[in-house]
Amino acid sequence: MLTLSQVSKSFGGVTALRSVGFSVAPGERVALIGHNGAGKSTLMKIILGLIPADSGRTDIGGHAPGSRAARGLTAYLPESAAFHPALTGIETLRYYLRLRGEDARQAEALLDRVGLGEAARRRIGTYSKGMRQRIGLAQALIGHPRLLVLDEPTSGLDPVSRREFYALLDGLAADGAAILLSSHALTEVEARTDRIVILAQGRLMADDTLANLRRQAALPIRLQVSAQPGAADEVAERLHGGRRNGVTVDLTCQPAEKLARLGDIAALGGMVEDVEILPPSLEDLYSHLSRRPS
């Protein structure tokens, strides 16, 4: 649905993007992550047709960004959605439905879908930031878009609302929508996206699944061993680990050593109550991969 190839963009001699290329297929959820100034916003503006690339190719369902056909396929949700405070939620949705040439009677169903059915007739000026984000998502869903470009979409949402938001994205992806989601909340996207794209200083540093990125980075794995009461000192000594919180022994190992270390732990038998394997987090991977030579 979205394909970028060798996309570059500069502003006044400053390179914002340098030969960036990746794709988002129908039904795929791709996380776009990078520090402030990495090029994420510039890339989104090019995809939306708001600014042209200097070179390279961007394709949205076979159409050029900004074309009428591409706009019909694409929806965008910014980090801070803003709407007229004097209008109610349902008035706002009806207005945008009419702008898109859609039946205004869809407004109630859209508001119900994003959890705002009970607040439909309240003025948006009384909404919290999280509620305004939900209105923005409802507006983005008008016309059944096939590509959703989401910029920090869970900003202002509480934990329950965030979970509901990602469940909604899961449903959209299952229906064939391609989703490109930019977020600084790495612990959220770690478990709720299919692929990770990392930008740093305008360059594409990584584009793969979380499992493959872990294999490529080969960062140490942490093992947390819970010892039986009174056995922690011996467990720590025999495993050459560090004590923590009385009964917990911390170990680290390289990925290739994991099975051998688990065998060492199993050999302790009844002295061990449990073991938890902690692979590198997305935050660890981002820190590592964003600093490697491109």
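The structure is a predicted model, in which local features need pLDDT of at least 70 and side-chain atom pairs count only at pLDDT 80 or more, while totals for chains, interfaces and linings use all residues. Residues are numbered from 1 along each chain as its sequence is written, and side-chain values use heavy atoms, with hydrogens and water left out.

- Arg123 is located in the loop between H4 and H5; helices (H or I, at least four residues) and strands (E, at least two) are DSSP runs, numbered from the N terminus.
- With a relative accessible area of 49%, Arg123 is partly exposed; buried means under 20% relative accessible area, exposed over 50%, and partly exposed in between (1.4 Å probe, protein chains only).
- Leaving aside neighbours within four places in sequence, Arg123 is in contact with Pro85, Ala86, Leu87 and Thr88, where contact means heavy atoms within 4.5 Å.
- The C-alpha atoms of Arg123 and Gly89 are separated by 6.5 Å, although these residues are 34 residues apart along the chain.

**Helix H6**

- Helix H6 comprises 16 residues (residues 159–174), and at 1.5 Å a residue it should span 22 Å; its end C-alpha atoms are 23 Å apart, which agrees. The expected span of a helix is 1.5 Å times one less than its number of residues.
- The buried residues in H6 are Ser161, Phe165, Tyr166, Leu168, Leu169, Leu172 and Ala173. They cover an arc of only 155° around the axis, which puts them on the same side of H6; the arc is that of the directions from the helix axis to the C-beta atoms.
- Pro159, Arg163 and Ala174 are exposed on the other side of H6.
- The cover over the buried residues of H6 includes three strands and three helices: strand E3 (29–33), strand E6 (147–151), strand E7 (178–182), helix H4 (107–113), helix H5 (129–140) and helix H7 (186–192).
- At the N-terminal end, H6 is capped by Asp158, which has a side-chain oxygen 3.1 Å from the backbone nitrogen of Val160.
- Gly176, with a positive phi near 105°, follows H6.

**Salt bridges**

- The whole structure contains 15 salt bridges, each defined as a side-chain nitrogen of Lys or Arg within 4 Å of a carboxyl oxygen of Asp or Glu.
- One of them joins the side chains of Glu28 and Arg195 (2.4 Å, N to O). This pair links distant parts of the chain, 167 residues apart, with Glu28 in the loop between strand E2 (14–24) and E3, and Arg195 in strand E8 (residues 195–200).
- Glu28 is buried, at a relative accessible area of 17%, and Arg195 is buried as well, at 11% relative accessibility.
- Arg195 also meets Asp207 in a salt bridge between their side chains (2.6 Å, N to O). Asp207 lies in strand E9 (residues 203–208) and Arg195 in strand E8, so the pair ties together parts that are 12 residues apart in sequence.
- Asp207 is partly exposed, with a relative accessible area of 30%.
- Another salt bridge is formed by Arg105 and Asp103, whose closest N and O atoms are 2.9 Å apart. Arg105 is exposed, with a relative accessible area of 72%, whereas Asp103 is partly exposed, at 34% relative accessibility.
- A network of salt bridges links Arg29, Asp170, Arg192 and Asp194.

**Aromatic pairs**

- There are 3 aromatic pairs in the structure. Rings of Phe, Tyr and Trp (its six-membered ring) pair if their centres lie within 6.5 Å; planes under 30 degrees apart count as stacked, over 60 as edge-to-face and the rest as tilted.
- Tyr95 and Tyr96 form an edge-to-face pair, at 5.3 Å centre to centre and with 75° between the planes. Tyr95 is partly exposed, with a relative accessible area of 44%, and Tyr96 is partly exposed, with a relative accessible area of 23%.
- Phe165 and Tyr166 form an aromatic pair that is edge-to-face, with 5.5 Å from centre to centre and 85° between the planes; both Phe165 and Tyr166 are buried.
- One aromatic cluster is formed by Phe83, Tyr95 and Tyr96.

Notes:
A polar contact is a pair of N or O atoms within 3.5 Å; within protein, one must be able to donate a hydrogen and the other to accept it, and residues adjacent in sequence count only if both atoms are side-chain atoms.
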